[in-house]
Amino acid sequence: MTKKICPICHGNGYVTDADPESQQTAHRDCDTCDSQGEIYTAVSDPDTLLQDMSKSFPQFWRNFTNQLPN
Ligand SMILES: [Zn+2]
């Protein structure tokens, strides 16, 4: 297991949500690292890497999974 900076909040412990309609932003606790700013991960674990990718790039992930055969 390796400790690394949380890729979602970049070590801040919170993430910023932006409302595209009102242009307002709000901070909320980072679920990925439980507001710790760091996460423990197994470097060679492909499932963990995929989970990180799906959280970091949700739009990319949706496009990718939509292309998978049923
Ligand atoms: Zn985080």
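Predicted model: local features only at pLDDT ≥ 70, side-chain atom pairs only at ≥ 80, totals over all residues.
Strand E3 is joined by five bridges to strand E2 (residues 14–18), and the two strands run antiparallel. Within this pairing, Thr 25 of E3 is the bridge partner of Ala 18.

Six residues separate the strands of the E2 and E3 hairpin, and in this hairpin Gln 23 adopts a positive phi near 65°.

## The surroundings of Cys 6

Cys 6 is found in the loop that runs between strand E1 (2–5) and strand E2. Cys 6 counts as buried because 22 C-beta neighbours lie inside 10 Å, where the cut-off for a buried residue is 20 or more.

When neighbours within four places in sequence are left aside, the contacts of Cys 6 are Gly 11, Cys 30, Thr 32, Cys 33, Gly 37, Glu 38 and Ile 39. A further relation across the chain is that between Cys 6 and Tyr 40, which stand 34 residues apart in sequence while their C-alpha atoms are 8.8 Å apart in space.

## The nonpolar core

The largest nonpolar core has five residues in all, namely Cys 6, Cys 9, Cys 30, Cys 33 and Ile 39. In soluble globular proteins, nonpolar side chains tend to be buried together. Ile 39, again with neighbours within four places in sequence left aside, is in contact with Lys 4 and Thr 32 as well as with Cys 6 and Cys 33, and these two cysteines are members of the core.

Technical notes
Residues numbered from 1 in each chain as written. Pairing = 2+ DSSP bridges. Helix = DSSP H or I, 4+ residues; strand = E, 2+ residues; numbered from the N terminus. Buried ≥ 20, exposed ≤ 12 C-beta atoms within 10 Å, placed from the backbone. Contact = placed C-beta atoms within 7 Å. Core = buried A, V, L, I, M, F, W, Y, C linked by C-beta atoms within 7 Å.
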